[in-house]
Amino acid sequence: MNCFINVEDLGPLDKAMAEAFEIKNDRYKYQHLGKNKTLMMIFFNNSLRTRLSTQKAAMNLGMNVIVLDVNAGAWKLETERGVIMDGDKSEHLLEAIPVMGCYCDLIGVRSFAGLTDREYDYAETVLQQFIKYSGRPVFAMETATVHPLQAFADLITIEEHKVVERPKVVLTWAPHCRALPQAVPNSFAQWMNAAPDVDFVITHPEGYELDPKFVGNARVEYDQKKAFEGADFIYAKNWSNPGVTNLADYGKITSKDMSWTVDTEHMSWTNNGKFMHCLPVRRNLIVTDDVIESPNSLVIPEAANREISCSVVIKRMLEAL
Amino acid sequence: MNCFINVEDLGPLDKAMAEAFEIKNDRYKYQHLGKNKTLMMIFFNNSLRTRLSTQKAAMNLGMNVIVLDVNAGAWKLETERGVIMDGDKSEHLLEAIPVMGCYCDLIGVRSFAGLTDREYDYAETVLQQFIKYSGRPVFAMETATVHPLQAFADLITIEEHKVVERPKVVLTWAPHCRALPQAVPNSFAQWMNAAPDVDFVITHPEGYELDPKFVGNARVEYDQKKAFEGADFIYAKNWSNPGVTNLADYGKITSKDMSWTVDTEHMSWTNNGKFMHCLPVRRNLIVTDDVIESPNSLVIPEAANREISCSVVIKRMLEAL
Amino acid sequence: MNCFINVEDLGPLDKAMAEAFEIKNDRYKYQHLGKNKTLMMIFFNNSLRTRLSTQKAAMNLGMNVIVLDVNAGAWKLETERGVIMDGDKSEHLLEAIPVMGCYCDLIGVRSFAGLTDREYDYAETVLQQFIKYSGRPVFAMETATVHPLQAFADLITIEEHKVVERPKVVLTWAPHCRALPQAVPNSFAQWMNAAPDVDFVITHPEGYELDPKFVGNARVEYDQKKAFEGADFIYAKNWSNPGVTNLADYGKITSKDMSWTVDTEHMSWTNNGKFMHCLPVRRNLIVTDDVIESPNSLVIPEAANREISCSVVIKRMLEAL
């Protein structure tokens, strides 16, 4: 595996899932693979879970890890070609990327959407430059439009906690005070569509339609209550307007409807549904204290599975070196 | 050992001291204990000695180490329950703590006193949440009211440099330009009280009384000169008003009396006393250049012993996993 | 080897070069040397290549690595003696340096020139304090006046890419929007002078004369075109006024002459010359996009050789412990 961005990069999902459970059972089994190999984690944006779980996964596999926070301790990077670089950016990505590639064997990149230029974001401009110029296998640690390590961990978590063979899984929008990227719902939709035994439904206010390439054939239900009825898993997430129905709205907050906040009444509509969220979560905007602290909340097991999903991805990349 | 906050967490001091000297003699002796174990160091506040010595101790013991600066590269954390999180804090400690616990085996926490709410600080609210919610053994890397790794290193240093069986040890307040927590003098007093062969005296301006639970039966002498007479060790430290005699003064600077600065005249009152300070130290406020640079200054050996005290604590926690 | 600042610290260059190529051929050959040894990397200034390549080199050699960004997560440090420390600096270098030395076996220091006080900078005041007070071997990771890890990597790169036995190597000044230190051109000149088979020429606008102790017997040619004629290697770099001809100009920008920018016309004057720069580089100030992206550009191999030059230095220091 030379890059990890989309669900298809992982090959057959049943095989990947089997590897995940094998590694969860013995996290150090493949430690020999990482000997004298170095992972470089490059952060253009903040991180808690990704930072910690990716380091842990790489160390489980015997790797050395170098963490680079681009905006703290390094230089600001120019991303456009042809400019006279007389501003605050003292290095160009076209030099910085191959240089980073010099000192490592694998690269993880976190680079969020800017949310101002949809075309730039959805072209995954920064990630693609790493793939093109680094000379190393690259995996996404949340990029402009995807967060596959999260979606893979979510799928593992659903598999572990489902009580029916084909659970109903509902991705629901919820309100937030800041404009957030669409990376998490995009990848979650992509992975749920790829999972063989999931009845997948997306619900959100009108105008918040996700990009068709991620929605695929998923059912979209604008009535949140109807969507929740009979659900086994509620996956809550805010995202800003994806600009699908109206490009001018891209990256904007076009609804703050607090009736979408997931509370105990919402959960009462479900089939004793489990509550999921990728974290970090704004309590009492996305979800009430009661719901996130209830026995049906899976937010911590989801986070714990980030170590597992990442271990599978790094293992695959090490095997392919 | 499942937590390390107070001197009693360490059990009999003579056994702990014997382990300290054993490790100082062979720092890598217990390296097998840390294999495939990960320490997470969580900093809510700045650190030099603690950051470096704790990393070193954990690596000596064969552990992997993850360092998380909460205010640089991660999210700001909400600590109150029930609030609508629409401000600048994007994650709640109640999620963040168990998540951090997912990716490690031991946790070290640095979280200073806010110095505005005495009850909140002296309840060790942040530390207690880590103990309650992380699911991992937790040790204090200086918290609101204690700094036990420092006090343990201080005790080792006194043991190494004492020339009489029962030395007189004086904890003296000294002036400072900023309001500092009471963690260091609190723990030092607690440890000196627990040490079998120490004649312990505390001296400070009136109003600066430390919390009774740390002072215990120690002698308090308001006349600095009298306190220094015949002292074998002078342990200087500033602290802000502990709010014991007047709660409204808590965390305030109620004296800047420069006559308390430890200079050569002060040291002349002692029994050729050694000078100690936990560092960082403000020269010419706490202590003059002459005293801190004199042959009787122990500030560097004290700092070096931080690696040893921390090694004993981590070793104990690894053994108990 | 107890310190690495100048080319002579490395001993005979032919032996050092042979070690470099041996290590490049097998980067993990000396991994046993670093077992239970710790490198502390101390950054007073930002870094990308140095940060990454030095970590990589130390890990190749089996070392543990601690990275300390002094201005992020630690205290601000006082460097003058005798001051009453009641400002924003809470620790003195005279304590901080020996403390850092306590927790490691080797120290790397990055501390740039302030460019306001020539005497202070050219005395290498900060670096010399580390050498004097840390009790550990110290190497420069770019200091006020030198960047020897870069110059060593440059020499390796020239050796690898030269097509004549005695290549003509030209160090050329180029314009920049900010005042930069002279560390890179100083060390490059020093190393080229020491290299046995190099025809070395320096070219820059009048007034930009480098310090005589670094220029040595090198030829200085003020006509950039004449200097470039027949060159096999063009080494471009900006530096601020070194204050040699006029002390009052020290650290200032006294020329922004854009005719010095290295473009394809400049390169056409050479003997199919290779283009070199230490990076980070401001495109279209120092060099045009076309030249830096051309097949004759060596900027990435130069950066890659930073891992090699640093490995030799660390290996030598470990052997001497």
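This is a predicted model: local features need pLDDT of at least 70, side-chain atom pairs count only at pLDDT 80 or more; totals for chains, interfaces and linings use all residues.
Local features need pLDDT of at least 70 and side-chain atom pairs count only at pLDDT 80 or more, whereas totals for chains, interfaces and linings use all residues. Residues are numbered from 1 along each chain as its sequence is written, and side-chain values use heavy atoms, with hydrogens and water left out.

In the interface of chain A and chain C, 32 residues of chain A are in contact with 33 residues of chain C (heavy atoms within 4.5 Å). The buried area, that is, the accessible area (1.4 Å probe) lost on putting the two parts together, summed over both, is about 2,800 Å², and carbon and sulfur atoms give 58% of this area.

The interface holds 3 salt bridges, each defined by a side-chain nitrogen of Lys or Arg within 4 Å of a carboxyl oxygen of Asp or Glu. A salt bridge joins A:Arg81 to C:Glu293, with the closest N and O atoms 2.8 Å apart.

On the side of chain A that touches chain C, two or more residues come from each of strand S2 (38-43), strand S3 (64-69), strand S5 (91-92) and helix H3 (93-102); helices (H or I, at least four residues) and strands (E, at least two) are DSSP runs, numbered from the N terminus. The most is given by H3(A), with 7 residues.

Chain B is superposed on chain C by a rotation of 120° with 0.0 Å of shift along its axis (RMSD 0.0 Å), by least squares on the C-alpha atoms of residues with pLDDT of at least 70 in both copies. The two copies are therefore related as by a three-fold rotation axis.

Methods
Chains are lettered from A and ligands numbered from 1 in the order in which they are written.
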